[in-house]
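Let's take a walk through a protein model together. Have the sequence and the 3D view ready.

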Amino acid sequence: MKTILLVDDEYAVVEILATLLTDEGYVVLTASDGQQALDMLSEKVPDAVITDQMMPLVDGAELFRRMQENARHRRIPVVLMSSAPMPSDHSKLPWAMFLQKPFDFQDLTSWLRRHFGASEKRARKT
Amino acid sequence: MILSGGFLRGGSYIIAGAPGAGKTILGNQICFDHVASGERAVYITLLAESHGRMMAQLSPLSFFDPSVVGTKLYYVSGYNQLREGKQSLKALLALVRKLIKRHGATLLVLDGIVRIGSFASSPIDFKEFIHELNVLLNFTGCTALLLSDSTGEDVGHPARTMVDGLVELRDVMDGVLAVRELVVLKFRGSAYLRGAHFFEIDGNGLRIYPRVEARLAVPSSVPAAKGVRLSLGVAGLDQVMGGGVQEGTATLVLGSSGTGKTILGLHFLAAGLDRGEPVLHFGFFESPPRLLQKGDDLGLKLSQQVAKGGLEIIWQPAGELIMDALAERLLDGVRRRKVKRIVIDGLAGFEESVVRPERLSHFFKALTNELRGLGVTCILTEEMRELFGPQIVVPLTGVSGVAENIVLLRQIEIASELKRVIAVMKTRETSHDAMLRELRITDRGLEVGDPFPTNGPVLGVGTTRAASRLQVPGERGKG
């Protein structure tokens, strides 16, 4: 089972999204801000991180930057969620996926299935 | 129309109203309509009536389709979840989540949201439930209707501040008349028609009539003025009015009972039929057979025109009518056949249907503007209550202002004989002959005679003598 670290300061988003992801068969770890997420990353390396952008203390961009500095975390795909519109030059951004809130949960699960399916294919080839 | 397109996907909306206001019918009607378009819906009841009882009550309604119940539309009780002590709201939310996912529902009805509140351990607990429900709806794209017994007095209910919209159904007494009203109190993310809109519940469920003056605040089109004059079909009257009435205008015909208003309207329609125009008679008092007989007796051959499809008669016998519903029928009749001339015979029919008299002038203004927008030339007849007397009073407030032209028909006594007289009181932006003339009803209909041979005030007093000129302030008359 794939493990996902879900990071958002809105408790209801964490609560509902975690439940929906669990229903889909994922193991979900939750954190309420970037700093807490970094603490959890030091103990367990998930298969993907889904994080909000605007959070107190450490925001989503900073969380991503700090993950890039750590060799253990650099390859973890990060999905960024934000209430702000998608940046116009989003193709150049480092996120694996950008989701503007509110988004359809199906968009997220479709991406996760595609991503994990592709990474499993790669793993089988190697 | 009221919500500018409907509820938004993924939004939450409270439908509030006292018991019997129509919430359950509306909730079900929306569900059946939703699944008829290929979507799926879940209806969760909470200590309300049993599903069997609800089905029995819904089954006579035209929207009810038993084939979709249990396949596309699921009825579930959530009451067991509410009995799970402190975790009751969490359990209910989990049930909602599972049902949405299992059935692929894009519409959810929670019937009895106030009962959920009474199971919450604190107001915060309830707010958390609503908040989490909103997030769930956002992620799943499911729209929720939360049916609530709470009404206007309970505006502080926590759920009201957190949902995307609030619609209230009211059943109010207006004198001895019970009136159903729908009011949108809040609707995030889109414009909506504010204020009260009347609705009725019949075998088709709820039928809502958006307030005409709100719906038609701006007419659907504004055609260019062509300056074309149309005949009223009465010998002599066209000349008095400067060559007829301008196309796309409204002419108010005022007169006491028996002065020839209806016959004037029939002449007007017959003149349109002679030009090949589709015409409409919209009346409240004379039945279609009587009206056609009257026209046929005058040689206007209206019965033939009904058979040919040139003339349609929409008759609205008196009853507890909603004036917005009347306007909808009228406009539907105009649009359906691209009608060019209409007679609205008896504006009092609207007055008798009205529940809010203060609306009348705005209502008629919006309605006549829409008719102008549709390129319709109309005659509005209105009965004056006074047979004789020193004053000419337009019975309906604000109506005279919406008509470009006003024609007055009256009976006067001259030398112990009653005579009909006609006078053009107003023609907007054109000149007219303001002389008072005799009006005769013959076996060929109305005939306008020469200027009336009197020297004293006739209309104002009702009995002989003095000036025969009429002038409405601000209007031009060549006399």
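This is a predicted model: local features need pLDDT of at least 70, side-chain atom pairs count only at pLDDT 80 or more; totals for chains, interfaces and linings use all residues.

Residues are numbered from 1 along each chain as its sequence is written, chains are lettered from A and ligands numbered from 1 in the order in which they are written, and side-chain values use heavy atoms, with hydrogens and water left out.

Start with B:Phe139, which sits in helix H6 of chain B, residues 123-140. (Helices are DSSP runs of H or I with at least four residues, numbered from the N terminus.) Is B:Phe139 buried or exposed? It counts as buried because its relative accessibility is 5%; buried means under 20% relative accessible area, exposed over 50%, and partly exposed in between, using a 1.4 Å probe and protein chains only. Leaving out residues up to four places away in sequence, B:Phe139 touches A:Val13, A:Ile16, A:Leu17, A:Leu20, A:Phe103, A:Asp104 and A:Phe105. Contact here means heavy atoms within 4.5 Å.

Now zoom out to the largest nonpolar core, which has 59 residues. Such a core is a set of buried Ala, Val, Leu, Ile, Met, Phe, Trp, Tyr and Cys residues joined through side-chain atoms within 4.5 Å. H6(B) gives the most to this core, with eight residues. Apart from it lies another core of 38 residues, including B:Ile314 and B:Leu330.

Next, the helix pairs. Axes are lines fitted to C-alpha atoms, for helices over the stretch in contact, and angles run from 0 to 180 degrees between N-to-C directions. Angles under 35 degrees count as roughly parallel, over 145 as roughly antiparallel, 65 to 115 as roughly perpendicular, and the rest as oblique. Among the residues making this contact are A:Ile16 and A:Leu20 of H1(A) and B:Leu93 of H4(B).

Finally, look at H2 (residues 34-41) and H3 (residues 60-68), both in chain A, which pack at about 25° with their axes 9 Å apart. H2(A) and H3(A) are therefore roughly parallel to each other. Here A:Gly34, A:Gln35, A:Ala37, A:Leu38 and A:Leu41 in H2(A) meet A:Leu63, A:Arg66 and A:Met67 in H3(A).

Notes: Helices (H or I, at least four residues) and strands (E, at least two) are DSSP runs, numbered from the N terminus.
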